Amino acid sequence: MSPFESVDKPIFISIVGASCSGKTALANNIAKRFNEQQVSVIAEDAYYKRQDHLTIEERITTNYDHPDAFDHQLLQQHMSQLRKGFAIESPTYDYVNHNRSDITQTINSTPVVVVEGIMLYHSKAMRDLFSLKLFVDTPLDICLARRIERDVHERGRTVASVLTQYQKTVRPMYQEFVEPSKYYADLIVPMGGHSQIVLDVLNTKINQLITG
């Protein structure tokens, strides 16, 4: 019998760090060590609050790096459903229109669920849901360079708009909320999620959590 078959509810693992620190890469590389029946991944970005009541101009100026930007209540409800063995319809986010999309993504209840984002450690209620808490610690200059490349090529931004948002909200909110939350982490991961040594350690730890 596979060790995963003995698990009667999901184990939640969280990955927190600055924007473009390598959270998504780490989550995906963990998932690649297993299969889709064993590990699923949720992005906190998908749980930005709906902004139908705002104009596109107002949405552009919203502070997306503050805890209030996220619908953590819905995320916690979905995690509860997964814990009970039910699949969820996770929202998706439209970065061009700065609003939640009408498209959803089915995420099945797997033995391990990895959740990655920037504000997962802000409240004790969220922190207590995770059996293993990781923090990706990447220098901010590297994060900014990655963010410029990503947002310009994938999200239709200009370099000037990326720099403006970074200076007004991304960096200040990181310093106020995200960076201090590293002290809640069980493990600090340097420079993103591509270290094979880190992935080997996490692979061993995840199997330990699964087998009890």
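**Entry 1**

I looked up Tyr48 and Phe70 first, and both are buried. I am working from a predicted model. For Tyr48 I read a relative accessible area of 7%. Buried means under 20%, so Tyr48 qualifies.

Next I checked how the two rings lie. The centres of Tyr48 and Phe70 are 4.6 Å apart, and their planes are at 20 degrees. Planes under 30 degrees apart count as stacked, so I noted this pair as stacked. Tyr48 is in the loop between strand 2 and helix 2, while Phe70 is in the loop between helix 2 and helix 3. The pair links distant parts of the chain, 22 residues apart.

I then searched the whole structure for aromatic pairs and got five. One of them is Tyr48 with Tyr64, with ring centres 5.4 Å apart. Their planes are at 80 degrees, so I wrote down edge-to-face. This pair spans 16 residues, with Tyr64 in the loop between helix 2 and helix 3. Tyr64 is buried too, at 7% relative accessibility.

Which residues make up the aromatic cluster? I listed Tyr48, Tyr64, Phe70, Tyr93 and Tyr95.

**Entry 2: Arginines over rings**

I looked for charges sitting over rings. Arg155 lies over the face of Tyr95, 3.5 Å from the ring centre. Tyr95 also belongs to the aromatic cluster. The charged end of Arg127 sits over the ring of Tyr184, at 3.7 Å from its centre.

**Entry 3: Salt bridges**

Side chains of opposite charge can pair when their charged atoms come close. I counted 10 salt bridges.

I picked Arg33 and Asp200, whose side chains meet at 3.0 Å, N to O. Arg33 is in the loop between helix 1 and strand 2, and Asp200 is in helix 7. They are 167 residues apart, so I marked the pair as a link between distant parts of the chain. Arg33 is partly exposed at 29% relative accessibility. Asp200 is partly exposed as well, at 41%.

Then I took Asp52 and Arg50. Their closest N and O atoms are 2.8 Å apart, in a salt bridge. Asp52 is at 48% relative accessibility and counts as partly exposed. Arg50, at 33%, is also partly exposed.

Are Arg150 and Asp151 buried or exposed? Both are buried. Their side chains form a salt bridge of 2.8 Å, N to O. Shared partners join Arg147, Arg150, Asp151 and Arg155 into one network of salt bridges.

Notes. Residues numbered from 1 in each chain as written. Predicted model: local features only at pLDDT ≥ 70, side-chain atom pairs only at ≥ 80, totals over all residues. Heavy atoms only, no water. Phe/Tyr/Trp six-rings, centres within 6.5 Å; stacked < 30°, edge-to-face > 60°. Helix = DSSP H or I, 4+ residues; strand = E, 2+ residues; numbered from the N terminus. Buried < 20%, exposed > 50% of the residue type's maximum accessible area, 1.4 Å probe, protein only. Lys NZ or Arg CZ within 6 Å of the ring centre and 35° of its normal. Salt bridge = Lys/Arg side-chain N within 4 Å of Asp/Glu carboxyl O.
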